[in-house]
Amino acid sequence: MDNRKIIFIGCQKAGNLYDLINKKLVDENLRQKVHLRKFYTFGLYTYKNIIKVWPDNIIITNITEDEIDTFIEEVIKNGKITKLKDKIYKKETHPLIKNTKVEFYHKQFRVVLRNSGVINPEDINEYIKRNGYKALAKILKEYTPDQVIEELKKSGLRGRGGGGFPTWMKWNCTKNVESDIKYVICNADEGDPGAYMDRSILEGDPHSVLEGMIIAGYTIGAKQGFIYVRAEYPLAIERLEKAIKQAREYGLLGENILGTDFSFDIELRLGAGAFVCGEETALIASIEGKRGMPRPRPPYPSIKGLWDKPTLINNVETFANVPVILYKGGDWYSQIGYENSKGTKVFALTGKIKNSGLVEVPMGLTLREIIFDVGGGLTGNRKFKAVQTGGPSGGVIPEEYLDTPIAYETLQNLGSIMGSGGMIVMDNEDCMIDVAKFYLQFAVDESCGKCSPCRIGGTQMLSILNKISIGHGEMEDIDKLISIGKAMQKASLCGLGQTAPNPVLSTLKYFRDEYEEHIKDKRCRAGKCRELVKYAIDPTKCIGCTLCAIRCPVNAISGERKKPHVIDQSICIKCGECYNVCKFGAVIKE
Amino acid sequence: MAKKFKNPDELFKFADELTKKDSDDIIELRIGMGTCGIAAGADKVYEVFQKEVEKRGLKNVVVKKVGCLGLCFSEPNVEVVMKDLPNVLYGYVDEKFAIRILEEHVEGKKVLHENILDKPYQDIYEEEEVK
Ligand SMILES: Cc1cc2nc3c(=O)[nH]c(=O)nc-3n(C[C@H](O)[C@H](O)[C@H](O)COP(=O)(O)O)c2cc1C
Ligand code: SF4
Ligand code: SF4
């Protein structure tokens with residue numbers, strides 16, 4: 001067996017570290033003694049150079065060029081590290097995850113996604129092998145429902161569906177209502193644009209959600225559970241169906257679970273994908289076969305829910321946390337996170353971000369850490385402008401608040417929300433009016449129309465935004481937006497209407513100057529609002545290559561070959577094609 | 001092999017047996033196959049692995065679908081887990097690269113030079129429970 005060391009050298013920020021080490025090894029005739037590999041590390045601007053040494057399993061960070069000799073001497077030649085000792089990454093407890101020595105240099109910590117990417121989600125044995133269903137077995141053996149609630153209370157878990165309501169309180173309340181029939185519902189409607197956390201959980205580890213629901217059934221005294229999942233998630237549905245079937249075969253679902261007198265089963269209900277059906281009362285109506293419209297609360301579903309029976313409704317991610325909490329204990333869980341926001345949160349990082357994808361981080365990590373360390377910063381190292389959290393119910397957060405720790409309260413104080421976990425990163429090419437318009441349009445399209453503040457208010461706000469974006473805005477429009485928005489927040493029946501103004505109000509709060517610019521100067525600095533943009537050709541830069549003229553879909557560009565071209569503004573439809581194709585930067589957007 | 005657990009202890013026992021049964025020689029190829037992975041072509045990579053493993057008679061290699069690793073930008077992602085080598089996560093794996101993984105990493109026992117990613121998190125179970 002080849003027993004040479006393998007040295008992995010991080011190449012995101014490592015610059016020429018690889019080359020330097022390589023050269024040095026060649027010079028010293030040591031190159032044959034080790035394997036060198038580059039690896040792609042993620043962002044991590046706190047650590048400049050990362051080197052992993054296998055099989056020693058050590059990570060050395062922040063090595064400077066001057067230390068390469070020492071590195072070779074200590075790590076490769078004699079294997080005794082003394083001078084570089086301080087640079088070895090130590091597995092230490094971190095303030096945000098005190099309970100464990102799991103390496104945190106990546107700043108991700110996977111509780112919910114613990115099995116995703118590790119096990120085959122279509123094989124129940126793989127889940128069981130990783131402590132799956134052990135929490136359920138332990139509970140059925142030893143815990144009363146009150147003890148389960150006690151653990152949840154200790155854990156500090158709060159709902160991940162957006163509201164952040166303490167999970168133990170909801171469970172306790174549903175448990176305490178007297179009724180022979182109760183229900184458990186898992187909300188897998190996930191309708192926010194840009195969000196796919198719940199989908200990934202269901203696809204990657206469906207049993208964790210089932211186990212959470214079964215535990216809920218035992219605790220509140222329900223025999224039937226439903227998963228309301230959108231029909232657009234065929235793979236999640238397929239895997240859930242397989243998982244349910246396997247759990248039934250093992251006696252983990254159905255009559256007399258694990259030989260006890262507790263019985264519980266789960267069925268899927270497919271949603272047609274209306275955003276409002278994610279709202280709990282609308283969702284319940286939809287399962288009942290009615291039109292998915294919210295109704296006033298109280299009574300809350302925990303008192304009067306599905307078919308008027310006490311119903312516990314939680315989000316996918318909330319349920320997926322439950323087995324770990326009960327397996328490792330509420331105290332273990334409460335050591336992760338920040339103030340009143342315990343545990344981790346899964347975010348879907350998208351937009352102008354280098355490493356787009358799903359990340360799970362402890363609550364309390366700052367936005368800056370998520371975007372720059374975990375996400376690797378902006379694509380093309382462009383300048384950060386704002387981050388949108390909470391989708392159509394949330395808002396934008398500008399640069400000066402990037403150091404805010406992520407938590408339910410902190411985001412709310414900034415005029416946004418945690419929401420279900422969409423996080424869209426924006427740069428200078430994103431226009432804030434355009435962003436507000438996008439989300440508001442979504443809310444208006446998805447409004448069920450039952451109550452007038454949302455139905456009429458939303459449409460009104462949208463038409464004002466449209467007016468501003470085509471250059472017809474007036475200064476009073478800003479006040480109108482604020483007053484309609486505030487009225488909607490107060491008077492709408494459900495969360496959709498109550499939160500729909502947030503994207504507008506938060507962009508107004510932080511980027512009011514951009515609104516004013518659109519109104520007063522008829523200018524869109526991001527170049528997004530078509531009517532306010534003008535494309536022109538800079539005659540000093542244009543070499544007359546004719547490319548733009550060929551590409552222009554409406555033949556608005558004329559000019560002789562090798563002579564500067566011009567755009568006829570009366571024909572131009574502002575598609576931006578010429579701007580994108582010109583290789584000489586001669587087309588200007590103003 | 002439907003077996004119904006008759007009491008909670010049977011589940012604990014079963015879990016223990018599953019863990020014990022794991023042989024050291026098993027080589028796992030974990031292919032990220034959530035919707036995002038499949039959209040990027042992970043299903044093709046999965047097929048190539050299955051076909052080639054069969055063709056080469058690699059009896060101890062398990063080709064395994066797994067959920068999303070969260071690294072959407074480098075999909076398809078494949079992690080190779082085998083004795084005597086560190087766990088290595090490869091990104092941007094296409095059908096050609098899949099064959100190279102099999103030939104050079106699995107059969108040749110050499111970590112490839114390209115597309116190695118730093119797995120951005122550790123396992124919460126690694127410290128104690130699951131060996
Ligand atoms: C318009 C609207 C859409 C919603 N969509 C979802 C959703 O897709 N998924 C979800 O879990 N909760 C959604 N919610 C929140 C639910 O009403 C409910 O609060 C949540 O499912 C409770 O679970 P939790 O306590 O685990 O967060 C939505 C709420 C509103 C007002
Ligand atoms: S706020 Fe909007 S979505 Fe909610 S009930 Fe009223 S009209 Fe329907
Ligand atoms: S913006 Fe489009 S329509 Fe206008 S000149 Fe350029 S290519 Fe033609």
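The model described here is predicted. Ligand 1 sits in the second largest pocket.

- Strand 3 (residues 50-54) of chain A runs antiparallel to strand 4 of chain A, and four bridges join the two.
- Opposite Ile59(A) in strand 4 of chain A stands Lys52(A).
- The hairpin of strand 3 and strand 4 of chain A has three residues between the strands.
- In this hairpin, Asn57(A) takes a positive phi near 60°.

**Shell around ligand 1**

- There are 18 residues around ligand 1, and those that come nearest are Gly161(A), Lys170(A), Asn314(A), Asn315(A) and Thr318(A).
- At least two residues of the shell come from each of strand 8 (311-315) and helix 18 (495-499) of chain A.
- Strand 8 of chain A gives the most to this shell, namely three residues.

- A polar backbone atom of Gly161(A) lies 2.7 Å from an oxygen atom of ligand 1.
- For Glu280(A), a backbone N or O atom is 2.9 Å from an oxygen atom of ligand 1.
- Asn314(A) places a polar side-chain atom 2.8 Å from an oxygen atom of ligand 1.
- Ligand 1 taken alone exposes 610 Å², of which the protein buries 89%.

Conventions. Residues are numbered from 1 along each chain as its sequence is written. Chains are lettered from A and ligands numbered from 1 in the order in which they are written. This is a predicted model: local features need pLDDT of at least 70, side-chain atom pairs count only at pLDDT 80 or more; totals for chains, interfaces and linings use all residues. Side-chain values use heavy atoms; hydrogens and water are left out. Two strands pair if DSSP finds at least two bridges between them. A residue is near a molecule or strand if one of its heavy atoms lies within 4 Å of it. A polar contact is a pair of N or O atoms within 3.5 Å; within protein, one must be able to donate a hydrogen and the other to accept it, and residues adjacent in sequence count only if both atoms are side-chain atoms. Accessible areas come from the Shrake-Rupley method with a 1.4 Å probe; for residues, only the protein chains shown count as cover. On a 1 Å grid over the protein atoms alone, a cavity is a set of points where a 1.4 Å probe fits but cannot get out, and a pocket is an open set with protein on both sides within 12 Å along at least five of seven lines; lining residues have an atom within 4 Å of a point. A molecule sits in a cavity or pocket if more than half of its atoms lie within 2 Å of its grid points.
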